[in-house]
Protein chains: 2
Amino acid sequence: MQIHTSIPEVRAALQARRRIAFVPTMGNLHAGHIALMNEARSHGDCVVASIFVNRLQFGPNDDFDRYPRTLQADCEKLAAAGVEILFAPSEEVLYPEPQQYHVEPPAIQHQLDGEFRPGHFRGVATVVLKLFNIVQPQVALFGKKDYQQLMVLRHMTQQLALPIAIVGGETVRADDGLALSSRNAYLSVSERAEAARLHRLLKRIAATVHAGERDFVKLEREAVGELDQNGWKTDYVAVRRQSDLQLPQGSDERELVVLAASRLGAARLIDNVEIELANSH
Amino acid sequence: MQIHTSIPEVRAALQARRRIAFVPTMGNLHAGHIALMNEARSHGDCVVASIFVNRLQFGPNDDFDRYPRTLQADCEKLAAAGVEILFAPSEEVLYPEPQQYHVEPPAIQHQLDGEFRPGHFRGVATVVLKLFNIVQPQVALFGKKDYQQLMVLRHMTQQLALPIAIVGGETVRADDGLALSSRNAYLSVSERAEAARLHRLLKRIAATVHAGERDFVKLEREAVGELDQNGWKTDYVAVRRQSDLQLPQGSDERELVVLAASRLGAARLIDNVEIELANSH
């Protein structure tokens, strides 16, 4: 695997490639990332990964400083997964001066996760656009665990006329259902056992909606209550439509998703479950 | 000359090109535009122009509706200038839905021209990024008459890591010095004669600064006064440093520019003159 840290270097390495499939990451790779790398191989003849912990998308109280950085182990995993090129720039390379030009997403950036992480999606959109401009892939893959991020990047790509297909990869879970995440490392042993509740709860809400329940507000309130009683501090539990994460309008919405973000100990965990309702027509 | 109106068509036409030099315009082409096309030929083996009157960069009181549209004559001029491909999309092609993702430039977007045209530079930056993503040129050319636009696009390109060289083309002028502009068509015969004052004034300020004057505020005030007395309504006359259009700091600034925007009758005219001071060291 080639590892490049400078923009001219990685551009030169990619110049002759026909079809690049790109997986941007913040490193500290787990099986969810590796599943994206494997899926990337079916989309391009050259798989490129990036590792960059992007300060722009962290708020002042977020975990930028303690976010786990494990470059050596990450490189071994990427090489084993058949990644051909890793772009791992320093902050000086990607932000040689303070970033002053941003991609400004619409109101969704202030909703759901955006309500609790001001500036987060602006920071994500800006760094991903820069990485796209450097790597110039034909396909880019992002995990569905970060559902709102995937939606924002999909819309950004369409709206800015980028010639890139955005592919969402299924969430990879531990045996008890907990979505794999670098932030799971912040959990104590007892918190780790409790953490599986989040996915169980979302699956239960999905099943209840599937069975016909349409009082989403009640479902959300009950879910927050259960999390509260078990030591969580919840930012949101929300049933939304998949396409744009807005509130479902009327009873003909068929593609829904229930999303949640909640804090357990030092970890802020997010997860979601898609709900596909049968067409009633 | 090939004329393409759809994004997939122009992308297909450009696929095999090695070095694309791109000149985005709003049409109604004059000798200033044609000079950019001619210069483009020295930068690439395929010259691409675009014509698109970009609603995003016009304010509600701006001249979007009456902006002159002369596609047929423009095509003849472009073909004669050796342009190989014209991209001339409709609004439905470039904005199939309302634009919700924008490039947000920093504070300079609210200064000078931006103070009098809220949202203008955001609209320019956003449409140019989209056109860049469609055409994917190696070089793009913009006229120096729109000095602030050139600076914003140059910085955007650097900050978003676009692999594009930005080239500024010299302003083309009528015999009496008036900078060529589509908006000159709004001038009556007597206004057209008066319009040459703007460039004379900027040249005089440049000469005065060159001769050692450093009281820029006085120069600006006197210039506004002279314009006032001759029927103009002035938005600004400002001496700034070339690199970022901020106020010159101290006496070691060597590369300055004097910029102005003023309204004469129905036309809002802008112009500028660069000032290169000899190095005193």
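I began with the lining of the largest cavity, which comprises Lys145(A), Leu178(A), Ala179(A), Ser181(A), Asn184(A), Ala195(A), Leu198(A), His199(A), Leu269(A), Ile270(A) and Asp271(A). In chain A, α9 (197-210) and β10 (267-276) are the elements that give two or more residues to this lining. The largest share, three residues, comes from β10(A).

I note that the model is predicted: local features need pLDDT of at least 70 and side-chain atom pairs pLDDT 80 or more, while totals for chains, interfaces and linings use all residues. Residues are numbered from 1 along each chain as written, chains are lettered from A and ligands numbered from 1 in written order, and side-chain values use heavy atoms, without hydrogens and water.

I took a cavity as a set of points, on a 1 Å grid over the protein atoms alone, where a 1.4 Å probe fits but cannot get out; lining residues have an atom within 4 Å of a point. Helices (H or I, at least four residues) and strands (E, at least two) are DSSP runs, numbered from the N terminus.

I searched the whole structure and found two cavities of 30 Å³ or more.

I then turned to the second largest cavity, of about 40 Å³. Its lining consists of Gly177(B), Leu178(B), Ala179(B), Ala195(B), Leu198(B), His199(B), Leu269(B), Ile270(B) and Asp271(B). Here α9 (197-210) and β10 (267-276) of chain B give two or more residues, and β10(B) gives the most, with three.

Notes
1 Å grid on protein atoms, 1.4 Å probe; cavity = no way out; pocket = protein on both sides within 12 Å on 5 of 7 lines; lining within 4 Å. Points joined across faces, edges and corners; volume = space filled by probe spheres on them.
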